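Biologist: Let us take this model one question at a time. Please end each answer on the value or name I ask for.

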Amino acid sequence: MSIPLIDDLDRQLIDILSNDARVSNRKIAADLGVTEGTVRGRIKRLQQDRLIAFTAITSFGLENSTKMAFIGVLAEVEKVREIAQQIASLSSVNGVMITMGRFNILAICLFNELDALHAVSSDQILAIPGVHHVETSIAVKTVKYNARVVRITEADHVIDNDD
């Protein structure tokens with residue numbers, strides 16, 4: 001698959017939509033000095049190329065959890081993908097990534113009570129066969145978090161056994 005090319009107009013369009021995805025094509029066209037058809041066509045192409053998507057970004061408050069934690073997981077190498085899928089199936093886990101470095105899996109959880117976080121990390125994740133160690137870090141202050149940059153394609157959510 002080739003990487004879609006974007007130009008300055010695409011970047012300006014993405015910047016406008018990143019600030020307010022509800023802005024009209026007419027307003028964008030006027031601001032950028034192009035036709036409404038150009039804006040409509042560009043948006044359609046960017047969506048088809050899976051470079052942008054429109055979605056509601058929810059607050060931590062909707063999850064009834066206001067604190068974030070990262071759980072580093074050291075798992076048997078030959079079972080990493082299987083274990084990552086098991087961790088992803090836990091309802092209290094909001095994100096799972098296979099990583100390189102000190103841990104080979106990183107889980108992201110939202111929580112309110114330390115007991116709930118402990119239950120996830122120690123009672124659920126550590127109990128999975130093939131998991132050797134978990135280490136939990138709690139975010140105490142968010143310096144930067146850009147929710148505008150996310151994975152869009154479904155393929156990014158599926159663990160491919162050929163990697």
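Biologist: Is His133 buried, partly exposed or exposed?

Modeller: This is a predicted model, in which local features need pLDDT of at least 70 and side-chain atom pairs count only at pLDDT 80 or more, while totals for chains, interfaces and linings use all residues. Residues are numbered from 1 along each chain as its sequence is written, and side-chain values use heavy atoms, with hydrogens and water left out. Buried means under 20% relative accessible area and exposed means over 50%, with partly exposed in between (1.4 Å probe, protein chains only). His133 has a relative accessibility of 36%, so His133 counts as partly exposed.

Biologist: How far apart in space are His133 and Phe103, C-alpha to C-alpha?

Modeller: His133 sits in strand S4; helices (H or I, at least four residues) and strands (E, at least two) are DSSP runs, numbered from the N terminus. Not counting residues up to four places away in sequence, His133 touches Gly72, Val73, Leu74, Phe103 and Leu126, where contact means heavy atoms within 4.5 Å. Phe103 and His133 are 30 residues apart in sequence, and their C-alpha separation in space is 8.9 Å.

Biologist: In what order do the strands of the sheet stand?

Modeller: The chain has five helices and four strands, following the pattern α-α-α-β-α-β-β-α-β along the sequence. S2 and S4 each have a single partner strand, so they stand at the edges, and one side of each is left without a neighbour in the sheet. The sheet is open and its pairing antiparallel, with the four strands in the order S2-S3-S1-S4.

Biologist: Which residue in S4 is the bridge partner of Ala69?

Modeller: Two strands pair if DSSP finds at least two bridges between them. S1 and S4 meet that with seven bridges, in the antiparallel sense. The bridge partner of Ala69 in S4 is Ile138.

Biologist: Which residue in the turn between S2 and S3 has a positive phi?

Modeller: Strand S2 (residues 93-98) and strand S3 (residues 105-111) pair in the antiparallel sense over five bridges, with Met97 opposite Leu106 in S3. The two strands form a hairpin with six residues between them. The residue in the turn with a positive phi, about 125°, is Gly101.

Biologist: At what angle does H5 run to S4?

Modeller: Axes are lines fitted to C-alpha atoms, for helices over the stretch in contact, and angles run from 0 to 180 degrees between N-to-C directions. H4 packs on the sheet, touching S1, S2, S3 and S4, and its direction makes about 170° with that of S2. H5 also lies across S1, S2, S3 and S4, and its angle to S4 is about 165°.

Biologist: Which residues does Ser121 contact, leaving aside its neighbours within four places in sequence?

Modeller: Ser121 is in helix H5. Its relative accessibility is 5%, so Ser121 counts as buried. With those neighbours left aside, its contacts are Ile71, Leu126, Val134 and Thr136.

Biologist: At roughly what angle do the axes of H2 and H3 cross?

Modeller: The axes of helix H2 (residues 25-32) and helix H3 (residues 36-48) come within 8 Å. H2 is therefore roughly perpendicular to H3; angles under 35 degrees count as roughly parallel, over 145 as roughly antiparallel, 65 to 115 as roughly perpendicular and the rest as oblique. The contact is made by Asn25, Arg26, Ile28 and Ala29 of H2 and Glu36, Val39, Arg40 and Ile43 of H3. The crossing angle of H2 and H3 is roughly 110°.

Biologist: Within what distance do the axes of H1 and H3 come?

Modeller: Leu9, Asp10, Leu13, Ile14 and Leu17 in H1 meet Thr38, Val39, Arg42, Ile43, Arg45 and Leu46 in H3. The axes of helix H1 (residues 8-19) and H3 cross at roughly 85° and come within 11 Å.
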